[in-house]
Amino acid sequence: MTAILQYAVQGLAAGSFYALAALGLAVIFGVLGVVNFAHGAFYMLGAVTAAVLLDTLGLTLWWSLLAVPVLMFAFGVVVERLLVQWLLRLDPLYNLLLTFGLTLVLVELVKQRYGVSGLPYRLPAGLQGRVDLAGVVLPRYQLFVLLFSVLICALVWLVMTRSRIGMIVRAATEKPDLARALGINVGRWVTPVFGFGVALAGLAGALAAPFRAITADMGSNFAIILFAVVVIGGLGSIVGAVVAGFLVGLVEAFGQAYAPTFAQILIFVLMALVILVRPAGLFGRQEATA
Amino acid sequence: MESKRMRAGASALTMALLLSACAGAGPGGGGGAFTDDKLVLAVLNDQSGIYKDASGPNTVKAVRMAVADYQQKYGDKAVVTKIEVTSTDHQNKPDIANTKASELYERGGADVILDVPTSSAALAVANQAKNHKRLFLDVSAATTALTGAQCNKYTFQWAYNTYLLANGTGKTVTQNGGRKWTIIYPDYEFGQNMTKSFTEAITKAGGTVQESIPTPFPNENFATFLTKAGSSAPDVIGTMHAGGDLINLVKQFNESGLKDDGVELAVGLMLINDIHSLGVEQFAGTLFTDPWYWNMDAEARAWADRFLAETGTRPSFEHAGNYSAALQYLEAVQAAGTDDADAVIAKLEGKKVNDVFLRNGEIRAQDHSVVHDANLARVKKPGDVKEDWDYEEIVTKIPAAEGFPPAEASGCAMTS
Amino acid sequence: MTVITEAPADAPAPARTPALRWILPAAGLTAALALPWLVYPPVALDIVALALFAIALDLLLGYTGLLSFGHAAFWGSSAYVTGLIATHYGVPFPLAVLGGAVFAMILALPIGYVSVRRSGIYFAMVTLAFAQMVYFIGYQWSDLTGGENGLQGVPRSFFGIEPVETNSFYFYYAALPILLCGMAAAWRIVHSPFGRVLVSIRDNTPRARALGYDVDRYKTIAFVLSAGLTGLAGGVFAISHGFVALTELHWTTSGDVVLMTVLGGIGTLWGGIVGAFLTVMLADQLASSGFHGIDLITGSVFILVVLLFRRGVWGTVRHQWQRRGSARRP
């Protein structure tokens, strides 16, 4: 029983990264209609930025969790203004291709600048060690990651449901035609929303820094799983992205525990099943099928 | 369609046959002792991917150092004056390694190919060496297949293999008191071989392997596996991961608190660059086999100082291994007086060698495994580090006879 | 409905004189025959094999409006099956390649059946995910595939004709007809009534449906055909290299071929050849140049093409040519 609880918490902790990043992917897709292939690269940049901040300025994780999203937001804005915006009126496949090219460039640049072996990172003392929750022993940092990302997701949810900006974004994401019909000017929000989505990917990366190898390639596998996450959750759905993120984390953890050979295939099997049964994803609008 | 295709094929073939005289007339037809009157040492390795730091571009510099040393030693008496060192990136892709190797032999005039990390790439290059009857001195690939089931006359494995890593670390750690082991390994050829070798070595030394846990490869999340591994309360957790996966695992091991329970971490394959990139405190206390360490004695250190001056960094064992392979190759060419592969091999086979890298070395004729003394090393605590790259403390020496498998056990049938 | 808008299908080009219609294939054939004299023969074969791969992808992307990001599954699985047939049965290599291509088509049937239920972005992601599944199967089934070490020592039998079996220069000419046949088949498909239906589905799916075409069925067939041509290319590639590596199944291979197709020009068929030639030559030159940032160049060029020259290299050239042609005529 304790083992199962342990795996569950570990799965949810791993799912935190997916949930945060997938949330960003979903918002970008919702408002811009862009599937951001570079999301994995932005996640990687978040981790690298955290490592560089620690190395050069001595900023610990606490500060990085603040600074990295801000920096990545700015970077996202630049990318949107410089590249993405020119293709928004065209077929969305062009932006998928553009961000694919961007991924190659970003990964290679990090390789050139910071090498291939990875960057060191140290956890603040307060987050080291383990906690004992009624017999379930867990690394403190894992618990922190889980709580922190749930908090962020809840915050985003609050903003989405309570604020004007949030309503607009949500309307644009989930009912694009209706939003336009009501005369909401979605265009103004395109750039900040892209930045926001990139910031979430960067935040997930910073959160992963103490925990994962910080290398230029760390985002490539991550991005593929992220795609499976949003397909499972339903591309247009904000809730779906978060729920599917945690779900995929759980599938991964239990798969690794009980069927390690198939752990990686399981996620994609789940995805195929979802497509067969509910083509629009668990939380997606069914009319988006075509 | 079919007949049209046949006709097209036939006419193309005839045309090709007619014009074949000038094609593929590569080296081999020259008259002197040296084809094209020069010697070409071709470094083929990963210059851009995950193994770049461990060997990569700096290996080319190490090989150039060997050429300079050879020329200085023999001066006017050198049998060949024009020596070229070329560098090719296989981008860590075996199909590129394969094509490039064949091109280097056929078009690049390569007399020997050096380095070639990644087992799949190395095995492909070994095949090319056999087909082209030219030399291939592998340094950075670990598979025992190179000197076992897939060995051939033209291929030598210079620095290490999975057996050495297992015997060095597995046996010595067990003898030092780490009796109960749990092994976590990446579920592919290298990981499986390593686990098998480790299990044999540990059992022979009187220990037990309670559990071997396969993980996907590549993988980022090891929390579940570490929980599983810790549940059987082992003395030692052995990991067979390498590169980024190893760093992931070590980070999560440190964070899991298993260290506080007195569980030691032993690593199957680790390079000094891994310690450098992750930081010494993350690895402190970890045991692993290092075929060569730059600060292990005065001779190694003197060479490492030269290397530092050339490259701005300290050498990994792969850099030193490539230097040694190039140097011994040049010595054999000097002794043979030609670059003819068969003549050079005759000079290499069975030779006992001592150089910067090879201590009590022997280039075994039976399986073309180059055996030598290696070290069991422990990563220093941050407080004990006195200078840059001062990361390792040598726990004990692993004599060549214990570290490498006996030639009879290699499974190599050396035909051609 | 998502559709690649900027790339017209091979227009029934009234501007093109009958002479030109023959000049182009003739020039292409001459180039293909001359190629191994100009570049290292195995590299030449890589170019032609990848060109067919890119053309097969273009069949979907340019003429059906479906971007597959999972074609490595068909390329790689055909490579493995071809390699296994050649290793275990010692048949002449064209037979083994045929076996690989058939396998790729069989594999494409269920994948295509599920994937075509989605289009545009969704289709790209779904095919990517399926390809990852195939990759992990190839990776786990190491008894058969050799896992990480790859399938080593694939023989190159060809009716005992020694030059072909041992010399890559002659092998090129033995393998070329297979690849050219694949390209000719792609051309036939595009210019057949079936191809016209595909284009009409691409341009206006609801209309095609209203006209009574079973859209999903047409898409599935196109998917399977594309997989078959991909399989031909992958099989020849495997025989040429004499071994199969796991990277052939990896998603980066799918990415590479998308890159080639877009670079050359979507919906042009000839673009695939140009794209393959440029990418392979670039990789080949850079490998021994001392510059180690190939993705930096390909990535940047790719971004530029997507931003500024969405017709691709071939498409842009052809567009300029046609414009000048029509400007001169009146």
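This is a predicted model: local features need pLDDT of at least 70, side-chain atom pairs count only at pLDDT 80 or more; totals for chains, interfaces and linings use all residues.
Me: Staying with chain A, how far does helix H2 reach?
Reply: H2 of chain A covers residues 39-57, so 19 residues by the helix assignment. From its first C-alpha to its last, H2(A) reaches 26 Å, close to the 27 Å expected at 1.5 Å a residue.

Me: Is H2(A) mostly covered or mostly open?
Reply: Mostly covered, with 15 of the 19 residues in H2(A) buried.

Me: What comes after H2(A)?
Reply: Gly58(A) follows H2(A), and the phi of Gly58(A) is positive, near 70 degrees.

Me: Switching to chain B. How many helices and strands there?
Reply: Chain B has 14 helices and 15 strands.

Me: How does the radius of gyration of chain B sit against the globule rule?
Reply: The radius of gyration is 23 Å, close to the 22 Å that the rule gives for 416 residues, so chain B is as compact as a globular protein of that length. As for the box, the C-alpha atoms of chain B fill roughly 75 × 65 × 40 Å along the principal axes.

Me: What share of chain B is buried?
Reply: Buried residues make up 60% of the 416 in chain B. On contacts, take those in chain B with a separation of 6 or more: 71% of them are between residues 24 or more positions apart.

Me: What domains does the assignment give for chain B?
Reply: The domain assignment gives domain 1 as 35-160 + 296-372 and domain 2 as 163-290 + 376-402. Over C-alpha atoms, the centres of these two domains of chain B are 28 Å apart.

Me: How many residues are in contact between domain 1 and domain 2 of chain B?
Reply: 16 residues of domain 1 are in contact with 16 residues of domain 2 in chain B. The side of domain 1 that touches domain 2 has 7 nonpolar, 6 polar and 3 charged residues.

Methods: Residues are numbered from 1 along each chain as its sequence is written. Chains are lettered from A and ligands numbered from 1 in the order in which they are written. Helices (H or I, at least four residues) and strands (E, at least two) are DSSP runs, numbered from the N terminus. The radius of gyration is taken over C-alpha atoms; the globule rule is 2.2 Å times the number of residues to the power 0.38. A residue is buried if 20 or more other C-beta atoms lie within 10 Å of its own, exposed if 12 or fewer, and partly exposed in between; C-beta atoms are placed from the backbone. Two residues are in contact if their C-beta atoms, placed from the backbone, lie within 7 Å. The expected span of a helix is 1.5 Å times one less than its number of residues. Domain bounds come from an automatic or database domain assignment. Ala, Val, Leu, Ile, Met, Phe, Trp, Tyr, Cys and Pro count as nonpolar, Asp, Glu, Lys and Arg as charged, and the others, Gly among them, as polar.
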